[in-house]
Amino acid sequence: RTIVQPHERLLTYYFILALLTLPAFPVTMVVLFIKYRTMRFRFDEEGIWKRQGLLWRHETNVAYRRIQDIHLNSDIIQRWLGLATVSIQTAAGSSTAEVTIEGVLEAEALRDYLYTRMRGVRDGAHAAAHVPKGTSGGETHDEALALLTEIRDSLRRLETRLRGRA
């Protein structure tokens, strides 16, 4: 399944957060519900796209080549619900994350996928790695497998030559 919006458990998390605001619960819940319903993500060949907002729409595009660091955050309630937040930072000079992907169940797999994509863009070749459910990577995986097989075969030939000289 492609990650295009947060998992439904994020709405439960927002409900718990809104409850903690006591008298401001109705207003907080409406704001968080709108945030949940309008949050959308897309992972394509170029990078990550995020959109959210009803009255004030906010769209962010981050190319894989611009990614500097990826952080996984999960407070106690998020851990209880099995959720995490993936924060993506760029070299823009800001201490805050450029893109924050909330409501992720497989955060480690998403982080690994993003690291693979950003390294592949920088190296000019894609490395083989676990691709989380919902993200495409078939041809990338095939290219990486072919490259790794070629490297393995070259190393075996080199090892044979070195053993022959010893």
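Read along the sequence, this chain follows the pattern α-α-β-β-β-β-α-β-β-α-α. That comes to five helices and six strands, where helices (H or I, at least four residues) and strands (E, at least two) are DSSP runs numbered from the N terminus. The model is predicted, so local features need pLDDT of at least 70 and side-chain atom pairs count only at pLDDT 80 or more, while totals for chains, interfaces and linings use all residues. Residues are numbered from 1 along each chain as its sequence is written, and side-chain values use heavy atoms, with hydrogens and water left out.

**The two sheets**

- Strands of a sheet pair through backbone hydrogen bonds, either parallel or antiparallel.
- Four bridges link E1 with E2 (residues 47-52), and Phe43 stands opposite Ile48 in E2.
- Another open sheet of three strands runs E4-E5-E6, also with antiparallel pairing.
- E5 and E6 are joined by four bridges, and Val86 has Ile101 in E6 as its bridge partner.

**The nonpolar core**

- The largest nonpolar core has 31 residues; such a core is a set of buried Ala, Val, Leu, Ile, Met, Phe, Trp, Tyr and Cys residues joined through side-chain atoms within 4.5 Å.
- Phe43, Ile48, Val86, Ile101, Leu110 and Leu114 have the most contacts inside this core.
- Among the elements that give two or more residues to the core are helix H1 (9-19), strand E5 (84-90) and helix H4 (107-123).
- H4 gives the most, with six residues.
- Leaving aside neighbours within four places in sequence, Leu114 is in contact (heavy atoms within 4.5 Å) with Phe43, Ile48, Tyr64, Ile70, Val86 and Ile88.

**The chain as a whole**

- Buried residues (under 20% relative accessible area, 1.4 Å probe, protein chains only) make up 34% of the 166 residues.
- Of the contacts with a separation of 6 or more, 43% are between residues 24 or more positions apart.
- The chain exposes about 10400 Å², with carbon and sulfur atoms supplying 56% of it; this area comes from the Shrake-Rupley method with a 1.4 Å probe.

How values were computed: Buried means under 20% relative accessible area, exposed over 50%, partly exposed in between (1.4 Å probe, protein chains only). Two strands pair if DSSP finds at least two bridges between them.
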